[in-house]
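Subject: A structure for you to look at

Hi there,

Here is the structure I promised to pass on. Please open it alongside this email, and I'll walk you through what turned up.

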Amino acid sequence: NRVQFFPGDVRKTINYNMPKKVSFLHVDLNSAEVEVEILEKLFPLISSNGIIILDDYANYGEEEAYIKHNIFFLENDHSILTTPSGQGIVIKK
């Protein structure tokens, strides 16, 4: 009952029935530009101590994502923990 699917471009479907708070967000869109665009919309909804997983954060070939994610979270006063698998983890303050 608490899961809904909205097929289509995530930049458009993200506007449907958004919750007031999000406690866990896994970002895996394979486009640094789109990932940051989505983070700009969803980051304010992440609850305190909420967790964000950045799938392709620090893998070879994902340098653009690494740079753009670092800029986004630096501007939002947060740090990213890099995992051995190349994912990034952010815990919202």
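In which strand does Asn49 lie? The answer is β2, which covers residues 46–54. Please keep in mind throughout that this is a predicted model.

Most residues other than glycine have a negative phi. Asn49 is not a glycine, yet its phi is positive, at about 70 degrees. Its relative accessibility is 58%, so Asn49 counts as exposed, the cut-off being over 50%.

Asp77 is the other residue to check, with a positive phi near 60 degrees, again in a residue other than glycine. Whereas Asn49 sits in a strand, Asp77 is found in the loop between α3 (63–75) and β3 (81–82). With a relative accessibility of 54%, Asp77 also counts as exposed.

**Salt bridges**

Asp77 comes up again here. How many salt bridges does the structure hold? There are three, and I'll take them in turn.

- Asp77 and Lys93 meet through their side chains, at 3.2 Å from N to O. Asp77 belongs to the loop between α3 and β3 and Lys93 to the segment after β4, so this pair ties together parts that lie 16 residues apart in sequence. Both Asp77 and Lys93 are exposed.
- Glu64 pairs with Lys68, and their closest N and O atoms are 3.4 Å apart. These two residues are both in helix α3, with a spacing of four residues, or about one turn of the helix. Glu64 is partly exposed, at a relative accessible area of 48%, and Lys68 is partly exposed as well, at 30%.
- Arg11 forms a salt bridge with Asp9, where the closest N and O atoms are 3.0 Å apart. Arg11 has a relative accessible area of 32%, which makes it partly exposed. Asp9 is partly exposed too, with a value of 31%.

**The largest pocket**

Next, have a look at the largest pocket, which holds about 650 Å³ of space. Its lining is made up of 22 residues, and those closest to the centre are Gln4, Ile14, Met18, Pro19 and Leu42.

Which element gives the largest share of that lining? It is β1, with five residues. Three elements each supply at least two lining residues: α1 (10–13), β1 (22–27) and α2 (32–42). As for the kind of residue, the lining of this pocket divides into 15 nonpolar, five polar and two charged residues.

**A nonpolar patch**

One last thing to find on the surface: which residues form a nonpolar patch there? They are Phe24, Ile51 and Ile91, and together they have about 280 Å² of accessible area. To place one of them for you, Ile91 is in strand β4, which runs over residues 88–91.

Happy browsing, and do write back with any questions.

Best wishes

Technical notes
Residues numbered from 1 in each chain as written. Predicted model: local features only at pLDDT ≥ 70, side-chain atom pairs only at ≥ 80, totals over all residues. Heavy atoms only, no water. 1 Å grid on protein atoms, 1.4 Å probe; cavity = no way out; pocket = protein on both sides within 12 Å on 5 of 7 lines; lining within 4 Å. Points joined across faces, edges and corners; volume = space filled by probe spheres on them. Nonpolar A, V, L, I, M, F, W, Y, C, P; charged D, E, K, R; others polar. Patch = residues over 30% accessible without salt bridge, like charges linked within 9 Å, V, L, I, M, F, W, Y side chains within 5 Å. Areas by Shrake-Rupley, 256 points an atom, 1.4 Å probe, with all protein chains shown as cover. Salt bridge = Lys/Arg side-chain N within 4 Å of Asp/Glu carboxyl O. Buried < 20%, exposed > 50% of the residue type's maximum accessible area, 1.4 Å probe, protein only.
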